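Please look over the sequence and the structure shown here before reading the notes that follow.

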Amino acid sequence: GLFVTDYFTRTPRKLSPFRSFASIELFHFHIPEDTVIAVWNLITFKEQGGTFGDQCPDRSITVYFRSGAPSVINPLHTHFPRDTAVPGSFALTLTWTLPNRTTGVFNVTSPLPGDWFLAAHLPKDEGKISVKGLYEECQYLFQPQLIVQRLVNIAVLYPGHVTEQSMAPHNRSCLYKVFVPSYTSRVLVEVLRCRGAEGCPLWLRVRAKAPPLHNSTTLDCREHTPCQLAQDLPFWQHWYYVLVEKHPGVLGTVSFQVTVQLTDCSRPSLARPPFLPSSTSMNMPHSFGSAGGLVLGNSPPPTSPNDTKHPVPIPVTLHTGERCWPVRPTLRNELDTFSVHFYIFFGPNVSVPPDRPAVFVINLLPVLDSGGVLNLELRLNVSSLCGENVTVFGCLNHGVPLTSGDNTSVTCETESLAGFLLSVNATASLSRLRIPYPQTGSWYLSLRSLCATEHGFEPCTNVTAEVYLRAYLSPCINDCGIYGQCKLLRTNNYLYAACECKAGWNGWGCTDNAEAFSYGFQLLSTLLLCLSNVMFVPPVAIAVRSHYLLEAAVYIFTMFFSTFYHACDQPGIVVFCIMEYDVLQFCDFLGSLMSVWVTVIAMARLQPIVKQASVLYLLGAMLLSMALQMDRHGLWNLLGPSLFALGIMAVAWTARTIRRRHCYPPTWKRWAFYLCPGALIAAAAVLLYAFVETEENYFYIHSIWHLLIAGSVGFLLPPRAKPSRRLGPLPRRKGCGYQLCINEQEELGLVDPAVASINSICTS
């Protein structure tokens, strides 16, 4: 056949250490039909500071592959919530082959068509809290590329028609496909009139949705006469691929005929008519991928010299298991993103008769519904059992309903079909099933009632069970509980939801408490972070005593909002918020930076130099508010104002030192007992904040940060300013008949009285 090669690529993205599914990078691809091979080229490289990260450590990268929906991964081996079904996926770990770059290749032969999802992440780290911009972080970038090779003009088989084929010596196989509509219970493929050098040296392989593989359903035509391969309970509304392959070593030409017969389970006594009806009645796609395509209408397909097609009656043996029952649709009601309820007509209470199953269909839209959780709930009305020991079994299958002819069977699996089993009875009247990231398409729920006897389950007589059925789509499992947050995430145009857990809880629904914080631990951490702000009371008292009222107001503001911000910022249930979280965070950050600003400006003693020093306080408040609004976690939000204030202080101190020709501050006691200890305490606080703080030790390291910063303010705040010597004239004293002119400096005691002279003695 002819091959067409398609290329797809995605933009490189920065990978993060795994904490939850919210921290992974998800990539969405679409593989076209008739693809025979898909090759993913996985490119990973390091960056540091805009250049190649040759010095960055090698960290393994794990990539997950899944068809139809995102992978449900569990690299930390946590526990899933109860009643949760975990679909499988394939994982691949990349190792580094070069200092800053590595490439991995992942091949999939005959992949399933449709949506494919790749998820990638780094291993879990120690959770260090780093200051943004302090140093150049190592970034690990991941870029997947997809190359697909697909066949064109695959021959289409029409049910009830024979296709003649002659396989030349240089050809090894012939590939066909046939479309299976709804309500088909069986696909029968047969090779007729096979003639070769050694009998019929052919292999017959059949597979749904994609070309067959070596492990697909296979039949050796040399050992089976007639060469018939049947597929019971085929997937509805899908292509089935038929591969006729030569045995190894066969050199001659092999001629044969191949035909397909579909059994309509809605009419078990009849097979599909030999003349194919229109594509509308068959629910077949209008494009078949072959050169001639299908002629719309009721006329037979065209014939060609090398591909003769004509109807041939084929006997088909039917059994009771091929009968299908009416499928009741559900009404889709979209409430929000990933919030969809499926209502049953004349429900939600449904009756399950004893002689036949009740079948329902739930349709999930492609792409839109695969990023949530499919929830199913069955509740048995015990009063409807009339005292009988009845058990209602439910089978949830994708693509086709499972209605076995054996009434006593309670399995939901076949050789080519796997489903989920639910059961309710008088003892356990409630059953739930949750499927995270379900495959889109049609899901079929088959309910049937069986009575328990000494010999097992048998069909019930004259007992119609009543079951409450609820089916809905939700973003997360139980909204992630009280210790998690359900986040709506987006990758390009694809939306999905995931839980982000807190307070040590883990798992897909934040239900794994193996590392969870106890209530006492949560209370202790909250009290430490809040009560450590009481250390600002001594700086407030010192500021008030020294007449630094503006500084005292800033310290009170910082203490108040830091206390209630940390009371609201706790990950557990010991949380108390007096305002919105964003407001508390902004005020806490602003108060912290303003405390540094006003303390350094006060140390500069600018009042004698700058007549309106309050302008600097107002200017600092406005600039800090602007900087915090731009980036609250940036390094220069802390360093910028601090360095600017320290520069002002250094200029002021230098000016005083030059004017007085003496070091300022002038006393060694001020340096030894106040400035140096305060500076050391502040430096220790900054080092703890920048290099020691992690997620595990946050509650006590950050509490120590509060204590050290507040303590350093008490040491660094300057003493009360002495009154200026340039005072105005004192009020004159009046004596009896005299007006005394008294020297003002002598009255204040600021000069030696022996040197002072009386200006004048005036008489009235």
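Why does I482 count as exposed? I482 counts as exposed because its relative accessibility is 59%, where exposed means over 50% relative accessible area, buried means under 20%, and partly exposed lies in between (1.4 Å probe, protein chains only). This is a predicted model, in which local features need pLDDT of at least 70 and side-chain atom pairs count only at pLDDT 80 or more, while totals for chains, interfaces and linings use all residues. Residues are numbered from 1 along each chain as its sequence is written, and side-chain values use heavy atoms, with hydrogens and water left out.

**Surface patch**
- I482 lies in the loop between β31 (465-474) and β32 (484-491), these elements being DSSP runs numbered from the N terminus (helices H or I, at least four residues; strands E, at least two).
- I482, Y519, L523, L527, L531, V534, V537 and I573 form a nonpolar surface patch with about 740 Å² of accessible area together, as found by the Shrake-Rupley method with a 1.4 Å probe, where for residues only the protein chains shown count as cover.
- Patch residues have over 30% relative accessible area and no salt bridge, and nonpolar side chains (Val, Leu, Ile, Met, Phe, Trp, Tyr) are joined within 5 Å, like charges within 9 Å; a salt bridge is a side-chain nitrogen of Lys or Arg within 4 Å of a carboxyl oxygen of Asp or Glu.
- The largest share of this patch, four residues, comes from α2.

**Strand β8**
- β4 (residues 35-48) and β8 pair in the antiparallel sense over nine bridges, at least two DSSP bridges being needed for pairing.
- V39 stands opposite N107 in β8.
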